[in-house]
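Open the model in your viewer and keep the selection panel at hand. Each stop below says what to select and what is there.

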Amino acid sequence: MIAEFGLAALWLAAALAALQFLAGSLGFTVRGGALGSVVRPAAMVQGVLALTAFAALIVLFCRTDLSVKLVAMNSHSAKPFIYKLAGTWGNHEGSMLLWVTVMGLAGAFVAAVERRLPEPTMLATLAGQAFVSLGFYAFLLFSSNPFERLDPVPAEGQGLNPLLQDIGLAFHPPTLYLGYVGLSIAFSFAIGALITREVGPAFARAMRPWVLGAWIFLTIGITAGSYWAYYELGWGGWWFWDPVENASLMPWLAATALLHSASVLAARNALRVWTVMLGVVAFSMSMVGTFLVRSGILTSVHAFAVDPERGTFILALLAINIGGALTLFALRAASVTEGERFAVVSREGALVFNNVMLSAILGIVLFGTLYPLLAEALGAKVSVGPPYFNPMSALFAVPMLLVMAVGPLLRWRRDSFARIRASLAIPAALTMLAAIGLAIRVQIGVLPFLGLALAIGLAVASLLPLKGCDFRRTPLPVWGMVIAHLGIAVALFGMASESAFTVEKLVAARVGETTPVGPWNVKLVGIEPVAGPNWTALEGEMHASYRGGAPATIHPQARFFWAPPQQTSESALLTRWNGQLYVVLGEETGDGRWQLRLWWKPFAPLIWLGGLLIGLGGVLALLGRVASDLRRIVARGKIAYRRQRQGR
Amino acid sequence: MSAVQTQAAGPQGLKAKHQRLVLVVIALAALIGAALLAIWGLRAQASYFYVPGEILAVRPAPDRGVRLGGMVEKGSLRTEPDGVTIGFVVGDGKARVPVRFKGIVPSLFTEGSGVVAEGRLGKDGIFVADNLLAKHDERYVPREMKDMTAAQAKQVVAETQ
C-alpha cells in the first residue's frame with residue numbers, strides 16, 4: 001500500500017512538473033497572468049509530492065518490506081536500523097529518487113522566497129527547473145521505478161554491500177546530492193536570464209546564495225567522502241582519482257569558479273557572459289558525473305549497476321539538457337551586453353585568472369576521466385591514475401594558488417602591485433624560508449615540496465585581508481573568504497605532508513611482537529573473535545606508544561559479513577595533533593603470524609580539517625548574504641508600510 | 001613594474017569590445033593549452049590493460065605502469081618467509097606471467113579466480129604488482145575481467161581442471 005502511495009505521489013509530482021513547465025513557458029511569452037500565477041504554487045506542491053514519495057521509500061526500507069523489489073535487492077532484516085535507513089539511497093533507484101526530491105524541493109524553495117528578479121525571468125527559471133526535473137521523473141518512472149513489487153515475496157533480502165555499511169554512507173551521498181542538484185538552480189537561473197536577457201547584478205545576487213549553498217554541500221560531501229574512503233577501504237589513501245571522485249570534483253571546480261565570477265558580476269557588473277556560461281557548465285558537470293557513475297560505463301567501486309538501457313536514457317537527458325542550454329547560450333551570448341571594464345591588475349583580473357585556471361583543471365580532470373572511454377572506442381583498454389592527474393592539475397593549481405594569495409588584497413577596477421608589495425613581504429619570505437629549509441633538510445618530490453612551501457605562505461597571505469580591520473565590523477562574507485582560503489592552505493599542507501612524509505610498514509608479526517613505524521612502537525597484544533549484528537570479526541588488540549610514551553590501545557578488525565558474504569577491514573586510527581597512525585589487520589600467514597600494515601601519516605588530518613574550514617567559510621559567507629538580504633527585505637517592507645499609512 | 005603600469009593604464013584606451021576579445025582569447029588559449037597538455041599527458045601516463053598473452057607480445061617498458069588481468073593459476077600461490085610477499089602465476093590459457101606482490105591481498109583473491117594486478121613488468125619477466133584488484137562482489141566486477149570471464153575464463157577453467 002505504501003509503495004503504491006509513493007508511486008502515485010511520484011506520478012503526481014511529475015504531472016505537476018509538466019504543468020509548471022507548460023505554464024511557465026506560456027506564462028512569460030504570452031504574458032498570460034493567469035497561467036503565470038500557477039507556476040509558483042505548482043513548484044511548491046511538486047516539491048512536497050516528491051518529498052512524500054521519498055518518505056514512502058524510506059518507510060519501506062525501515063520496515064524492510066521485502067515485497068518491494070528494491071528493498072529485497074538491497075536490504076536485509078538483520079541490518080542495523082541506521083543502515084536500513086541509509087540503504088534507501090544506497091542504490092540506483094533510491095538515489096535517483098533522492099535526486100528528483102532535492103530538485104523539487106530546491107525549486108519549491110526558490111518559488112516560495114525569490115522575489116528580487118523580474119517575474120518573467122522567474123517564470124522562465126522555474127520552467128527551466130521543471131523541464132530538467134521532468135527528464136529525471138521520466139527516467140525514474142520508465143526505467144528505474146523504485147516502488148516495483150516482487151512476486152513471490154522472498155523470505156529474506158540480499159543485504160547491502162558491507163563497504164557501504166558505515167556511518168559515512170548515511171550522510172555522504174545525500175550531502176553530495178544536495179550539492180549536485182542545488183546547482184540545478186544556478187542552471188535554471190542561467191537559462192531564465194538568457195531567455196529574458198536579464199543577465200546582470202540582480203541575476204548574480206539571486207543566484208549566488210544557491211551556488212554558495214550547493215558549493216558548501218559539495219565541499220562537505222567531498223571532504224566526508226574522502227575521509228570515508230580513507231578509513232573504510234583500508235588502503236591508506238585518501239583520494240584515488242576514481243571516476244566517481246572526479247564526478248564530484250568536477251562540479252565543485254565549476255561551482256568554485258561560478259561562485260567567484262558571480263561575485264564579480266554582483267559587485268562590479270562584469271563577466272556577464274562568463275558567469276552565465278559557468279552556471280550552465282556547473283550543473284552540466286553534475287549530470288555528466290551522474291551519467292558516468294549510474295550508467296556503469298566506467299569501472300568504479302561506486303557503480304551500482306551496469307545497465308546499458310539506463311546509460312542510454314541518462315545520455316539522452318544529458319544531450320537534451322546540456323545541448324539545449326548551450327544552444328540557447330550560443331544564440332543569446334552575443335546579445336548580452338558588455339559589462340564594466342577593468343585593468344589586468346585588479347581584483348577582477350585576479351578572479352578572471354583563477355576562473356580560467358579552475359576551468360583548465362576542470363578540463364584536465366574531465367579529459368582524464370573520459371579518456372578510457374575514448375581509448376576503448378579505439379580498441380585499447382586503459383586506465384588513468386595519479387601519474388596523469390597529479391602533475392597535470394598541479395601545473396594549473398600552482399599559478400592559481402599564487403594568484404589566490406594576492407587577489408584578495410587587490411582593489412576592484414584598477415590597482416598596482418607596488419601598493420601591496422609591502423604586505424606580501426611576510427608570506428613571500430615565509431615561503432622562501434620553508435622552501436630553503438625543505439631543500440636542505442629532506443628529500444621529497446617536487447609536488448609535495450611546492451605544496452608545503454606554498455601552503456605556508458598562502459596560510460599567512462589568506463589572513464592579510466583582515467589586517468587593520470575592526471573584527472566586529474568585518475562583514476561575514478569577508479570572514480568567509482578568509483577562512484575558506486585559509487582552509488585551502490591547511491588542506492594543501494596536509495596533502496603535501498601526507499605525500500612527502502608518510503612512513504609505511506608491512507610486516508607479519510607474532511602476538512607479543514613490537515613493530516616500529518615512524519615515531520611509534522606498535523605491539524600486537526592479541527587477536528580475539530568478536531561479533532556484530534550482521535558480521536563476525538577478528539579483532540586485534542594493539543598497544544601503540546608515541547616516542548616511548550604511555551601506550552594507547554587500538555582495535556583494527558577484519559570483518560566477515562554474512563549478508564551478502566563479504567570481507568572488509570576496519571582500520572584503526574590514532575590521531576595526534578601532528579598526524580595519524582593508521583593500522584590494518586590482514587590475514588594469518590599460516591605459521592602463527594598476522595599480517596599488519598601500518599602507516600604514520602604526519603599532518604594527514606589537516607586535509608579534512610582544511611576541507612571543513614573551506615565549508616565553514618562558505619557557511620559564513622552564506623549567512624552574511626542571507627542576513628543582508630533579509631535586512632533589505634525588512635527595510636523595504638517598513639517603507640512600504642509607512643507609505644501605506646501615510647496614504648490613509 | 002613599468003609593464004604593469006602600462007597595462008593598468010590600459011582600459012581607458014581599450015574599447016569595450018577589445019577587452020572582451022582579449023579575455024576570450026586568453027581563456028581560449030589557456031583551455032586549449034590545457035587540452036593539449038591533457039592529450040600529451042594521457043598518451044604518456046595512461047596505464048594499459050593486458051592479458052598474459054598480450055603482455056608477453058608487447059613487453060611494455062619496465063618503467064611504465066600497466067595492468068595485467070587473468071586467472072590466478074591453481075597451485076601457483078606461495079608466500080615468502082617475510083609473511084607479506086606473495087608470488088603467483090597469472091594465466092589466460094595461452095600464456096603465463098609470474099607475479100610478485102607485497103601487501104595484504106584483497107579478501108576475494110584466491111587461486112583459480114580472476115585478478116587484475118597493477119604494476120610493472122620487470123626486465124626479468126616477473127610482473128611486480130603494487131596493487132591487486134579481485135572481484136569485489138557480484139555487482140562490482142572490473143569490466144576488463146568481465147569481458148575476460150565471458151571470453152576466456154571458461155576456457156581457462158576447462159584447461160585447469
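**Stop 1: a helix pair in chain A**

Select helix H8 (residues 201-232) of chain A together with H9(A): the two pack at an angle of about 150°, with their axes 8 Å apart. This is a predicted model. Angles over 145 degrees count as roughly antiparallel. H8(A) and H9(A) are therefore roughly antiparallel to each other. Their crossing is left-handed. Now colour the contact of H8(A) with H9(A) by residue class: 18 residues are nonpolar, five are polar and two are charged.

**Stop 2**

Show side chains next. On the H9(A) side, the contact residues are:

- Pro243(A), Asn246(A), Leu249(A) and Met250(A)
- Leu253(A), Ala254(A), Thr256(A) and Ala257(A)
- His260(A), Ser261(A), Val264(A) and Arg268(A)

On the H12(A) side, look for:

- Glu348(A), Leu351(A), Asn354(A) and Asn355(A)
- Leu358(A), Ser359(A), Ile361(A) and Leu362(A)
- Val365(A), Leu366(A) and Thr369(A)

By class, the contact of H9(A) with H12(A) holds 13 nonpolar, eight polar and two charged residues.

**Stop 3: H15(A) against H16(A)**

Move to helix H15 (residues 446-463) of chain A and helix H16 (residues 476-501) of chain A. Their axes cross at roughly 160° and come within 8 Å. H15(A) is thus roughly antiparallel to H16(A). How many charged residues are in the contact of H15(A) with H16(A)? There are no charged residues there; the contact has 17 nonpolar and five polar ones. H15(A) passes H16(A) in a left-handed crossing.

**Stop 4: two backbone details**

Zoom in on Asp151(A) and Pro152(A). The peptide bond from Asp151(A) to Pro152(A) is cis, with omega near 0°. Where is Pro152(A)? Pro152(A) is in the loop between helix H6 (119-143) and helix H7 (167-196) of chain A.

Go on to Arg197(A), in the loop between H7 and H8 of chain A. Check the phi of Arg197(A): it is near 55°, a positive value in a residue other than glycine.

**Stop 5: the domains of chain A**

| Domain of chain A | Residues |
|---|---|
| domain 1 | 1-165 |
| domain 2 | 202-336 + 344-388 |
| domain 3 | 416-499 + 606-618 |
| domain 4 | 503-602 |

**Stop 6: colour by confidence**

Switch to pLDDT colouring. The model scores ipTM 0.76 and pTM 0.89.

Take chain A to begin with. Its mean pLDDT is 88, and 95% of its residues reach 70 or more. Where in chain A is confidence lowest? It is lowest in strand S8 (residues 565-570) of chain A, at a mean of 78, and highest in H16(A), at 95. Then select residues 300-305 of chain A, where pLDDT stays under 50. The model has 18 contacts beyond four places in sequence for residues 300-305 of chain A.

Now chain B. Chain B averages a pLDDT of 74, and 73% of the residues score at least 70. Among the elements of chain B, strand S5 (residues 96-102) has the highest mean pLDDT (93) and helix H1 (residues 2-8) the lowest (38). Over residues 1-13 of chain B the pLDDT is below 50, and this stretch has 19 contacts beyond near neighbours in sequence. Finish at residues 136-143 of chain B: pLDDT stays under 50 there, with 15 contacts beyond four places in sequence. Where pLDDT is low, predicted coordinates should not be read in detail.

Methods
Residues numbered from 1 in each chain as written. Chains lettered and ligands numbered in written order. Predicted model: local features only at pLDDT ≥ 70, side-chain atom pairs only at ≥ 80, totals over all residues. Axes fitted to C-alpha atoms, helices over the stretch in contact; angles between N-to-C directions. Helix = DSSP H or I, 4+ residues; strand = E, 2+ residues; numbered from the N terminus. Parallel < 35°, antiparallel > 145°, perpendicular 65-115°, else oblique. Left-handed = near helix turned anticlockwise from the far one by under 90°. Nonpolar A, V, L, I, M, F, W, Y, C, P; charged D, E, K, R; others polar. Domains from an automatic or database assignment. pLDDT = per-residue confidence, 0-100. Contact = placed C-beta atoms within 7 Å.
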